[in-house]
Amino acid sequence: MPKSRKFVLIICEGPTDENALYRIMKGFFSPCEIRFHISHGDPLTSCPENKNPMSVIRAIVAQEKKKYALRDSDILAVIQITDTDGAYIPPECVIDDPEASKIIYNRTEIRTKFPHSILSRNVKKRINISKLLEYKGINEEIPYRIYYVSRNLEHAFYGIQDSLTDNRKSNLADDFSDRFAKDWRRFLSYIMKECNPIGSSYDESWSLIKNGTSSLERHTNMNFLFEEFSYILYKD
């Protein structure tokens, strides 16, 4: 186990992501401290055009270091969890639908009255993910990994495709946390059985999610989180 108290920073998009995952991650990374940073939106699409997305991630890390008075040596790892949002689907699968009052996702297409906006978002997200995948660390001292839930956390973990209210998301996250909080191994088994992980390696999981309409289907590669960080946690 780690010889001294360490911190793991997890960056995710919404508060229900933290609700669902906090106790699971706390159990896996014990005795490390877990800190979530909620971006309240997608930092991969809100990142300014002229900025490397890693500069955004480093700014988040700097913010959390200041907040908790941490040094680089205090941080075991930075983990980012992102929704795929169907970002890798072919352009022809983004359908112009003037009757769509909101963005409609299914396993094969996205329907929207603003197709150019979705196409632009998808391009930006693909570019920024590709840039982040080039990094193995925030710097030479702090490991970094980005994992996906496809299309979003509710779809990947619960198999729900419909849009949900914030209250419904919160209730689902609390139930999910209660189910797996005491045993992260059960969560890993659940991922392997129910969440359709693809690829035999972290790199391959990213390659495969980019194929066809896979980024609209139910997948996650968070199973590799446990594989990769078990080595860091227990190597000593």
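This briefing looks at one helix and the sheet beside it in the listing. The model is predicted, so local features need pLDDT of at least 70 and side-chain atom pairs count only at pLDDT 80 or more, while totals for chains, interfaces and linings use all residues. Residues are numbered from 1 along each chain as its sequence is written, and side-chain values use heavy atoms, with hydrogens and water left out. Helices (H or I, at least four residues) and strands (E, at least two) are DSSP runs, numbered from the N terminus.

**Helix H1**
- Buried residues of H1 include Ala20, Leu21, Ile24 and Phe28 (buried means under 20% relative accessible area, exposed over 50%, partly exposed in between; 1.4 Å probe, protein chains only).
- An α-helix has 3.6 residues a turn, so residues three or four places apart point the same way.

**The sheet**
- Five strands make an open, mixed sheet, ordered S2-S1-S3-S7-S8 (strands pair if DSSP finds at least two bridges between them).
- S2 (33-38) and S8 (219-220) are the edge strands with a single partner each, so one side of each has no neighbour in the sheet.

**Strand pairs**
- S1 (residues 7-12) runs parallel to S2 over six bridges, with Cys12 opposite Ile38 in S2.
- Going from S1 through H1 to S2, the chain makes a right-handed β-α-β crossover (clockwise from the first strand over the helix to the second, with the strands pointing away from the viewer).
- S7 (residues 144-150) pairs antiparallel with S8 over two bridges, and Val149 has Thr220 in S8 as its bridge partner.
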